[in-house]
Amino acid sequence: MSLESVRAFFSAKAPDIEIIEMETSTATVTQAAEAHGVVPGRIAKTLSLRVGDRNFLVVTRGDTRLDNRKVKAAFGGKATMLDAEQVQSLTGHPVGGVCPFGLATSLQIYCDISLKAFDEVVPAAGSIHTAVRIGPERMAALVGAEWVDVCQDPAA
């Protein structure tokens, strides 16, 4: 179902984007970077967060972490990660395959500005064996994301 919702999303909004299906798991940043032959920073990881009673997604580069101070300033409170069951229920995607495409629930999506360091990033595509290659600006535009600065410096 999850991969199918992503297929439907791209069929309707960006039919030129091909979903890449791998034999091996790409559930972690390290696995995905190795499988796709890219540096970990190019893996666009999608984090499922909650602040207060508001759930949302933040897409970041794979080699950085959230900066709690920046997150609090941007979203108005301390963010907590959703558990696997909540993630699956809200996004329709399993942990390791979460992406901002073909969501089961309408969620606000944010992209961290750190993604702009790359001309192309590799987010998952609804399963732990699928991904797409896409420019970060195009990804943000396709999903209606807002740009934020909520991550630590990847060099830190």
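Visitor: Which backbone nitrogen does a side-chain oxygen of Asp 67 reach at the start of helix H3?
Guide: In this predicted model, the oxygen comes to within 3.0 Å of the backbone nitrogen of Arg 69. Helix H3 spans residues 68-75.

Visitor: And what follows H3?
Guide: Gly 76 follows H3, and its phi is positive, near 80°.

Visitor: Let us turn to the aromatics. How many aromatic pairs are there in the whole structure?
Guide: A search of the whole structure gives 6 aromatic pairs. One of them joins Phe 9 and Phe 10: the ring centres are 5.3 Å apart and the planes stand at 85°, so this pair is edge-to-face.

Visitor: Is Phe 10 buried or exposed?
Guide: Phe 10 is buried, with a relative accessibility of 2%. Phe 9 is buried as well, at a relative accessible area of 12%.

Visitor: How are the rings of Phe 10 and Phe 101 arranged?
Guide: Their centres are 4.7 Å apart and their planes meet at 50°, so the pair is tilted. Phe 10 belongs to helix H1 (residues 2-13), while Phe 101 is in the loop between helix H4 (84-91) and strand S5 (108-112), so the pair ties together parts 91 residues apart in sequence. Both Phe 10 and Phe 101 are buried. Together with Phe 9, these two residues form one aromatic cluster.

Visitor: What else is in contact with Phe 10, leaving aside its neighbours within four places in sequence?
Guide: Besides Phe 101, Phe 10 is in contact with Pro 15, Ile 17, Ile 19, Val 132 and Leu 142.

Visitor: Which residues touch the most other members of the largest nonpolar core?
Guide: They are Phe 10, Phe 101, Val 132 and Met 139, in a core of 30 residues. The elements giving two or more residues to this core are H1, strand S3 (54-61), H4, S5 and helix H5 (136-143). There is also a second, separate core of 13 residues, and its members include Val 51, Leu 66, Phe 75 and Val 150. As a general point, nonpolar side chains in soluble globular proteins tend to be buried together.

Visitor: Now the cysteines. How many disulfides does the count come to?
Guide: The count comes to 0 disulfides.

Visitor: What about Cys 111?
Guide: The sulfur of Cys 111 has its closest cysteine sulfur in Cys 151, 11 Å away, which is also too far for a bond. Cys 111 is buried too, at 0% relative accessibility.

Visitor: One more topic: where does Pro 154 lie?
Guide: Pro 154 lies in the segment after strand S8 (146-148). Its relative accessible area is 29%, so Pro 154 is partly exposed.

Visitor: Which residues does Pro 154 touch, not counting those up to four places away in sequence?
Guide: Pro 154 touches Arg 61, Asp 63 and Thr 64. The C-alpha atoms of Pro 154 and Gly 62 are separated by 9.1 Å, although the two residues are 92 residues apart along the chain.

Visitor: Finally, what lies over the face of Trp 147?
Guide: Lys 116 does, at 4.5 Å from the ring centre.

Methods
Residues are numbered from 1 along each chain as its sequence is written. This is a predicted model: local features need pLDDT of at least 70, side-chain atom pairs count only at pLDDT 80 or more; totals for chains, interfaces and linings use all residues. Side-chain values use heavy atoms; hydrogens and water are left out. Rings of Phe, Tyr and Trp (its six-membered ring) pair if their centres lie within 6.5 Å; planes under 30 degrees apart count as stacked, over 60 as edge-to-face and the rest as tilted. Buried means under 20% relative accessible area, exposed over 50%, partly exposed in between (1.4 Å probe, protein chains only). Helices (H or I, at least four residues) and strands (E, at least two) are DSSP runs, numbered from the N terminus. A charge sits over a ring if NZ of Lys or CZ of Arg is within 6 Å of the ring centre and within 35 degrees of the ring normal. A polar contact is a pair of N or O atoms within 3.5 Å; within protein, one must be able to donate a hydrogen and the other to accept it, and residues adjacent in sequence count only if both atoms are side-chain atoms. A disulfide is a pair of cysteine sulfur atoms within 2.5 Å. Contact means heavy atoms within 4.5 Å. A nonpolar core is a set of buried Ala, Val, Leu, Ile, Met, Phe, Trp, Tyr and Cys residues joined through side-chain atoms within 4.5 Å.
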